[in-house]
Amino acid sequence: MSETKTPGDKKLSVSGKTLTLKPRTETGVVRQSFSHGRSKSVVVEKVKRRSVGGPAEAKPEAPAPVEAPAKRAPAPAARTAATPGAEPKPKTSGVVLRTLTEEERAARAHALADSRLREAEERKIAEEEAKIRASREKIEKTEREAAEARKREEDDRRKHDDEAKRKADEVAKKRFGDERPAGAAARITTVEADEEETPKSRRPGGAARPAPPPRLAPKVGGEKQRGRLTLSNALNQDEVRERSVASFRRRVKRRMGHASDEPKEKLTREVIIPEAISIQELANRMAERAVDVIRLLMKQGQMATINDVIDADTAQLIAEELGHSVRRVAESDVEEGLFDAADDPADLVSRPPVVTVMGHVDHGKTSLLDAIRSADVAAGEAGGITQHIGAYQVTAPSGAKVTFIDTPGHAAFTAMRARGAKVTDIVILVVAADDGVMPQTIEAINHAKAAKVPIIVAINKMDKPDANPTRVRTDLLQHEVQVESMGGDVVEVEVSALKRTGIDKLLEMIGLQAELLDLKANPTRAAEGTVIEAKLDRGRGPVATVLVQRGTLRPGGIVVAGAEWGRVRALVSDTGNAVETAGPSTPVEVLGFSGTPEAGDRLAVVENEARAREVTDYRARQKREKQVARSAGMRGSLEQMMAQAKTAGRKEFPLVVKADVQGSLEAIVGALEKLGTDEVAARVLHGGVGGITESDVTLAEASGVPIIAFNVRAHKEAREAAERSGIEIRYYNIIYDLVDDVKKAMSGLLAPTLRETMLGNAQILEVFNISKVGKIAGCRVTDGTVERGANVRLIRDNVVIHEGKLSQLKRFKDDVKEVAAGMECGMAFENYQDMRAGDVIECYRVETIQRSL
């Protein structure tokens, strides 16, 4: 064997032959055929497995394990410890190990410690897995035992059923004799066995395979007779008795067990019972059947249906009888926590004062407020008198804000003045220096005293030549209002709204009074306030003027006012600008109510719509009940029955009233109610806020009444409907004119007064009987005159025996109109003939006089 010259050549030659590396694959071509006559050639390779060594070659031994470093470590130490005089050992052919450094020793020790920690952790994990495996095996063992117990119970039950069926067959044989063929019993047994085996045809973990059809044994005997079952048919030997429906039901019940017959556990609930509740609702709250509740009521002697309403005491007795606990609640509990929640003194901050301007009509209240605001509201009021309540916020020269409420001075607006006094902190009593104290001035003083608020007297119209402020101060003393100049504690300021004098001093007095009151509120809580005025705007919907008293009102909040609720869509200030927040003592217009609230209602912000609906539903129900009670009339006590008897024959003047705002409607209805007497009274069939609609016209047409419109107009459709049906719509913008016209119309319903006027007396001298005419009394007129057609009384022995009219009056043979005193005449009465000589005839005239309210 020789090498080639070039060491890089891989060709080796042995005995002159060249050795080459052949591929280990064999290739071949296969023809593959497809459908439709297509074919394809495919190259196939076969790889041969390479075998190393001959078959007799022994397996290589495993390499000896390398000696651990720990066993080799003492060698250098042993060499260093040898004595110097010892003979050196001869050199061996092995590898000489070098000495380990300190870093290597530390690294190896660190690795050894890590391996020990790792082994401890692995041991701990293995122990935990063993515990989990043991608990799992225990649970599986328990489940297997339970399954085996269930299987044993199922086998026992099946054996019991088979035994019962065998006994039933024996009883049937004894009862009917050995008449039933053996094949029938075999067939029934086969069917039952198939039915029991059918549910078990599902393989575990797989889909249910279709159950095989039942294998029925061939019938013995002829076909079943299709006729009616009679006694002869039942005892016929050829008839095969089959299992009845009742027997099948009993078998199903036995299979299901008697679990359904076991009594269920009684659940005890806490039942909330209001003042009145229907039987259906009570049963639902107790989760009981309504039939059981009705049965208990029948035991108590009360017959009721499922929709009947029972009181809280009866409902409590029934709930306790059925084993439930009861919690009594009143309907008014829904309003708990809505208002007047206590505030933390640390959260209170100063707020602007609320000032109400009050006084007699035409004493200059609105003009004074216009002078303070530098506005001109008085010019916009019809007739120059204020008929609406208004709220404004003004910045004083000192920079402090003041909220003013302007109230009407007319007598009809008492409720508006009272409402303004309730929400105010300070009352400005405006008295004209030329007029002095007037009736509405006294009423304003009483409202301020009832509200327990301080009074500032503004003596207005000081620019007039006949102004006499001293008389005003003296007149106020009669009503227990003592001003400072007269030695009292009530501040008075002389002002002139026309000349704008004394305004700064008035604002200064308001600021001093507010400092003494130390007005504070919490702006961070949920808002509370009072609806001062409400109206229905055609473009914006229901709009309420609200004075916020506590908290801050924001758009998006859910508010409740009276029987109405809504989500605040927008807040509009007194200047007409949209605002984002309204703090304490701020007047704003609130848009977004579902309906028009009533003026004077308290407003509160609630947490959600469910709470708002709950409160408004309760208030609406209370409102309806009050209206029903008012329309039903009073009854019960003797005094109420007497009052009803007095007004039983009273005539009513029905009306439909529509006004621009809620306060005006309230004032109109109140003024019309005061017009009523025992004989006639005004009755408002419907009063609303906003323009006249078709429904108002329909109501007026059905009742045949006119429509009174105050500062509103009818819609086009309503106007056309009123013209078609002939309904009168009267428009007013001054409340005086409205009340006067209704008063005149009501006067027409009063019964007129009859007044008698004596004409004269006559004495009957003789009675003549004339054929075809009747009796004629020959009389002499003793005093006055007697007129034909006048009313007469026939008096006999000072007793009136007849009242009627003269049908004929004659002087000799001629008919005359009247006969004077001292003359004789003949008289005939209408439908009366019993006249005697000596009777006295009294002649008089009846006059009808129209009355007025």
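How many helices and strands does the secondary structure of the protein come to? It comes to 20 helices and 36 strands. Both are DSSP runs, numbered from the N terminus: helices are H or I with at least four residues, strands are E with at least two.

## Basis of the model

This is a predicted model, in which local features need pLDDT of at least 70, side-chain atom pairs count only at pLDDT 80 or more, and totals for chains, interfaces and linings use all residues. Residues are numbered from 1 along each chain as its sequence is written, and side-chain values use heavy atoms, with hydrogens and water left out.

## Overall picture

The protein has 853 residues, and 33% of them count as buried. Buried means under 20% relative accessible area, exposed means over 50%, and partly exposed lies in between (1.4 Å probe, protein chains only). The accessible surface comes to about 54800 Å². Carbon and sulfur atoms hold 52% of that surface. These areas come from the Shrake-Rupley method with a 1.4 Å probe; for residues, only the protein chains shown count as cover.

Strand β18 spans residues 541-550. Nine of its 10 residues are buried. Two strands pair if DSSP finds at least two bridges between them. On one count, β18 runs antiparallel to β17 (residues 528-537), joined by nine bridges. The two form a hairpin with three residues between them. β18 also pairs with β22 (residues 586-593), again antiparallel, over six bridges.

Val543 ties this picture together. Its bridge partner is Lys535. Val543 also stands opposite Leu591 in β22.

## The six-stranded sheet

An open sheet of six strands has mixed pairing and the order β11-β12-β10-β13-β14-β15. β11 (390-395) and β15 (491-494) stand at the edges with a single partner strand each, so one side of each has no neighbour in the sheet. From one strand to the next, the twist averages 25°. Axes here are lines fitted to C-alpha atoms, for helices over the stretch in contact, and angles run from 0 to 180 degrees between N-to-C directions.

Within the sheet, β10 (residues 354-359) and β12 (residues 401-406) pair in the parallel sense over four bridges. Val355 has Phe404 in β12 as its bridge partner.

Two helices lie across these strands. Helix α10 (residues 365-373) lies across β10, β11, β12, β13 (426-432) and β14 (455-460), at about 155° to β12. Helix α12 (residues 439-451) lies across β10, β13 and β14, at about 165° to β13.

## Helices α18 and α19

Two packed helices are described by the angle between their axes and the distance between the axes. For α18 (residues 694-703) and α19 (residues 716-725), the axes come within 8 Å and cross at roughly 20°. The two helices are therefore roughly parallel to each other. That label covers angles under 35 degrees; over 145 counts as roughly antiparallel, 65 to 115 as roughly perpendicular and the rest as oblique.

Glu694, Val697 and Glu701 of α18 make the contact with Glu717, Ala718, Ala721, Ala722 and Ser725 of α19.

## An exposed proline

Pro345 lies in the loop between β8 (325-328) and β9 (349-350). Why does Pro345 count as exposed? Because its relative accessibility is 63%. Pro345 and Ala521 are 176 residues apart in sequence, yet 9.2 Å apart in space, C-alpha to C-alpha.

Technical notes
Contact means heavy atoms within 4.5 Å.
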